[in-house]
Amino acid sequence: MKIFVYNYREFDEAEYFRKFSKEYHVELGICRDDPTLENAHLAEGYEYISIITTKIDRDLMKKYHEMGVKMISTRTVGYDHVDIDAAREFGIHVSNVSYSPECVADYTMMLILMSIRKMKRIMQRAEINDFSLPGIQGKELPNFTVGVLGTGRIGRAVIRDLSGFGCEIYAYDKYEDETVKKHAQYADLDTIYRECDLITLHMPLFEDNYHLISREAISRMKDGVIIINTARGGLIDTKALIDGIETGRIGAAALDVIEDEFGMYYYDRKADVLSKRDLYILRGFPNVIVTPHMAFYTDQAVSDMVKHSIESCLLRDEGKKDPWAVV
Ligand code: COI
């Protein structure tokens, strides 16, 4: 069985690709670049393709269909970068992967603590020997009411972690999970916006929750609310967020993801003039932390991403039930 791997990373993924392809007797074709119409021919003769967060639009899906590709496995949890309607139209299966939720949960906790303790300001000042106190007084998590939007594996891990800090926790999801109720109370968005001092996002991005954190939603939140996003940039209306920060309605934000990050993150773009004004504005605020979609990035997660992508293709090839099947 053969899989063609796009965005193959030598420095971190290669050891796992070598290990698991050997273990599962899979032959790999590799390309270090994003999949594009121009390099699609490299996957000629392969029925299975493994990708990361690069866009697979309708044209590329059509191209792969014409080349006889049966399935695209994305080595990511989110699959909003893949045109799922086009996959259905062309009869190409799509799967995602799962990985240890602890990577994103740990990172979320770090961003929460950094935000409430004003760590960006503290670190900036310490670098220039400014050891003064005004403007950096923090808050304590046990005094917080936290809203967790999305109670999938990551949201649940965050709730479990938060429970150790003694804060009050509200949770929101379309589907309630019994284990969550041990530590948190499910509530509607209205209640969460009204009651919570900090809101953290852990939902996949779909059409129906695009810009969930809208201008109107922000207007219903508590004054000085802190917003944490380690999920998808499209969940927040960035312009409304910027306005909220400027007016002080939003007290702080920590964003591992932003809208329009495709083609930017995971590349060295320091010599380029980027047309990403919102990113520059957000980064300029002393109370906003922006990181380049790194919450997932641990040894365990990368190993799981590679392993599950290979396993998913194998299961499909063997006609067995694939727990990661999306289409
Ligand atoms: C995902 O797995 O969905 C992520 O967000 C991480 C990915 C961008 C590498």
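Biologist: What makes β4, helix α3 and β5 a right-handed unit?

Modeller: β4, helix α3 (residues 84-90) and β5 make a β-α-β unit. A crossover is called right-handed if, with the strands pointing away from the viewer, the path from the first strand over the helix to the second runs clockwise. The unit of β4, α3 and β5 is right-handed. The model is a predicted one: local features need pLDDT of at least 70, side-chain atom pairs count only at pLDDT 80 or more, and totals for chains, interfaces and linings use all residues. Residues are numbered from 1 along each chain as its sequence is written, and side-chain values use heavy atoms, with hydrogens and water left out.

Biologist: How do you know where a helix or strand begins and ends?

Modeller: They are DSSP runs: helices are H or I over at least four residues, strands are E over at least two, and both are numbered from the N terminus.

Biologist: How do you know that β4 and β5 pair?

Modeller: Two strands pair if DSSP finds at least two bridges between them. Three bridges join β4 to strand β5 (residues 93-95), so they pair. The two run parallel. Ser73 stands opposite Ser95 in β5.

Biologist: What pairs with β4 over four bridges?

Modeller: Strand β3 (residues 48-51) does, in the parallel sense. There Ile51 stands opposite Thr74. From β3 the chain passes through helix α2 (residues 58-66) to β4, and this β-α-β crossover is right-handed too.

Biologist: Which residues of β4 point one way, and which the other?

Modeller: β4 covers residues 71-74. Met71 and Ser73 point one way, Ile72 and Thr74 the other, and all are buried.

Biologist: Why is Arg75 called buried?

Modeller: Buried means under 20% relative accessible area, exposed over 50%, and partly exposed in between, with a 1.4 Å probe and protein chains only. Arg75 has 0%, so it is buried. Arg75 sits in the loop between β4 and α3.

Biologist: What makes the link between Arg75 and Glu13 a polar contact?

Modeller: A polar contact is a pair of N or O atoms within 3.5 Å; within protein, one must be able to donate a hydrogen and the other to accept it, and residues adjacent in sequence count only if both atoms are side-chain atoms. The side chains of Arg75 and Glu13 are joined at 2.9 Å. The side chain of Arg75 also reaches the backbone oxygen of Asn7, at 3.2 Å.

Biologist: Why is Asn7 called buried?

Modeller: Its relative accessible area is 6%, so Asn7 falls in the buried class. Asn7 lies in the loop between β1 (2-5) and α1 (14-23). Its phi is near 55°, a positive value in a residue other than glycine.

Biologist: Why is Lys118 called partly exposed?

Modeller: Lys118 has 28% relative accessibility, so it counts as partly exposed. Lys118 is in the loop between α4 (102-116) and α5 (119-127). Phi of Lys118 is near 55° as well, a positive value in a residue other than glycine.

Biologist: And Glu44: what class does it get?

Modeller: At 48% relative accessibility, Glu44 is partly exposed. Glu44 belongs to the loop between β2 (27-30) and β3.

Biologist: Which residues are around the ligand?

Modeller: A residue counts if one of its heavy atoms lies within 4 Å. Among them are Thr53, Thr76, Tyr99, Tyr266, His293, Phe296 and Met305. Val77 and Gly78 each have a polar backbone atom 2.7 Å from an oxygen atom of the ligand. An N or O atom in the side chain of Arg232 is 2.7 Å from a ligand oxygen.

Biologist: What makes β8 and β12 edge strands?

Modeller: The open sheet has seven strands in the order β8-β7-β6-β9-β10-β11-β12, with parallel pairing. β8 (185-186) and β12 (288-290) each pair on one side only. Inside the order, strand β6 (residues 145-149) and strand β9 (residues 198-201) pair over four bridges. Val148 stands opposite Thr200 there.
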